[in-house]
Amino acid sequence: MIEAVSCGGVVIHRGKVLLLYKNQNGRYIGWVMPKGTVEKGETYQDAALREVKEEAGVDGEIIKYIGKTHYTFKVDGDTISKTVHWYLMTSDSYYCKPQAEEFFIDSGFYKQHEAYYLLKFQDEKQIMRMAYSEYNNLKRNGLIAKYK
């Protein structure tokens, strides 16, 4: 079994959640949140910010660590055990641009209930709900600026 670590962001702007649509060589993958592998010498926070920028063209700002998800999958006969560390992030804009090199063909910010419906993976749905709840708590307490 091969252990792998990735980091990602639940990016929220004005109450809407950033999603990416992946379609690899005509094969439906689905709607996901930006995440990717931690590079050598990189902190988890830096990896999460970099992946959000690379995959979606979004400059995120980390608000807080939300938690981790874990799943396994097979590649070329090997079992990959992946842990993904998630951060609640905000951005100053709805601007996003999907990274074609990673087979992202669409992106956008969606209302929480729309994002929940669109997300393909159950673990991402759960982490998105946790992050959204925390976002609302922080906003209610004046800890996140109104425009974010």
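Ring pairs tie Tyr21, Trp31 and Tyr110 into a cluster, where rings of Phe, Tyr and Trp (its six-membered ring) pair if their centres lie within 6.5 Å. Residues are numbered from 1 along each chain as its sequence is written, and side-chain values use heavy atoms, with hydrogens and water left out.

**Confidence**

- The protein averages a pLDDT of 94, and 99% of the residues score at least 70; pLDDT is the predictor's confidence in each residue, from 0 to 100.
- Among the elements, H1 has the highest mean pLDDT (98) and strand S3 (residues 27-32) the lowest (87). Helices (H or I, at least four residues) and strands (E, at least two) are DSSP runs, numbered from the N terminus.
- Where pLDDT is low, predicted coordinates should not be read in detail.

**Strand S6 and its partners**

- Strand S6 (residues 78-90) is mostly covered, with 11 of its 13 residues buried. Buried means under 20% relative accessible area, exposed over 50%, and partly exposed in between (1.4 Å probe, protein chains only).
- On the parallel side, S6 pairs with strand S1 (residues 2-13) over 11 bridges, and Val10 stands opposite Leu88 in S6. Two strands count as paired if DSSP finds at least two bridges between them.
- The antiparallel partner is strand S5 (residues 61-75), which pairs with S6 over 13 bridges; here Thr72 stands opposite Ser81 in S6.
- The hairpin of S5 and S6 has two residues between the strands, and Asp76 takes a positive phi near 50° there.

- Most residues other than glycine have a negative phi.
- Asp76, in the loop between S5 and S6, goes positive without being a glycine. Asp76 is exposed, with a relative accessible area of 79%.
- Phe103 is not a glycine either, yet has a positive phi of about 70°. Phe103 sits in the loop between S6 and strand S7 (104-111) and is partly exposed, at 29% relative accessible area.

**Salt bridges**

- A search of the whole structure turns up seven salt bridges, each a side-chain nitrogen of Lys or Arg within 4 Å of a carboxyl oxygen of Asp or Glu.
- Lys35 bridges to Glu124, with the closest N and O atoms 2.7 Å apart. The pair links distant parts of the chain, since Lys35 is in strand S4 (residues 35-37) and Glu124 in helix H3 (residues 122-140), 89 residues apart. Both Lys35 and Glu124 are buried.
- Arg50 bridges to Glu39, with the closest N and O atoms 3.6 Å apart. Arg50 lies in helix H1 (residues 44-56) and Glu39 in the loop between S4 and H1, so the pair ties together parts that are 11 residues apart in sequence.
- Arg50 counts as buried at 16% relative accessibility, whereas Glu39 counts as partly exposed at 44%.
- Arg50 also bridges to Glu42, with the closest N and O atoms 2.7 Å apart; Glu42 counts as buried at 18% relative accessibility. Shared partners join Glu39, Glu42, Arg50, Glu51 and Glu54 into one network of salt bridges.

**Aromatic pairs and charges over rings**

- The count comes to six aromatic pairs; planes under 30 degrees apart count as stacked, over 60 as edge-to-face and the rest as tilted.
- Tyr65 and Tyr87 form an edge-to-face pair, 5.2 Å centre to centre with 70° between the planes. Tyr65 in strand S5 and Tyr87 in strand S6 are 22 residues apart. Tyr65 is partly exposed at 38% relative accessibility, while Tyr87 is buried at 5%.
- The rings of Tyr132 and Tyr135 have centres 5.9 Å apart and planes at 40°, so the pair is tilted. Tyr132 and Tyr135 are three residues apart in helix H3, separated by about one helical turn.
- Two charges lie over the face of Tyr116: Lys125 at 4.8 Å from the ring centre and Arg129 at 3.8 Å. The rule asks for NZ of Lys or CZ of Arg within 6 Å of the ring centre and within 35 degrees of the ring normal.

Methods
Predicted model: local features only at pLDDT ≥ 70, side-chain atom pairs only at ≥ 80, totals over all residues.
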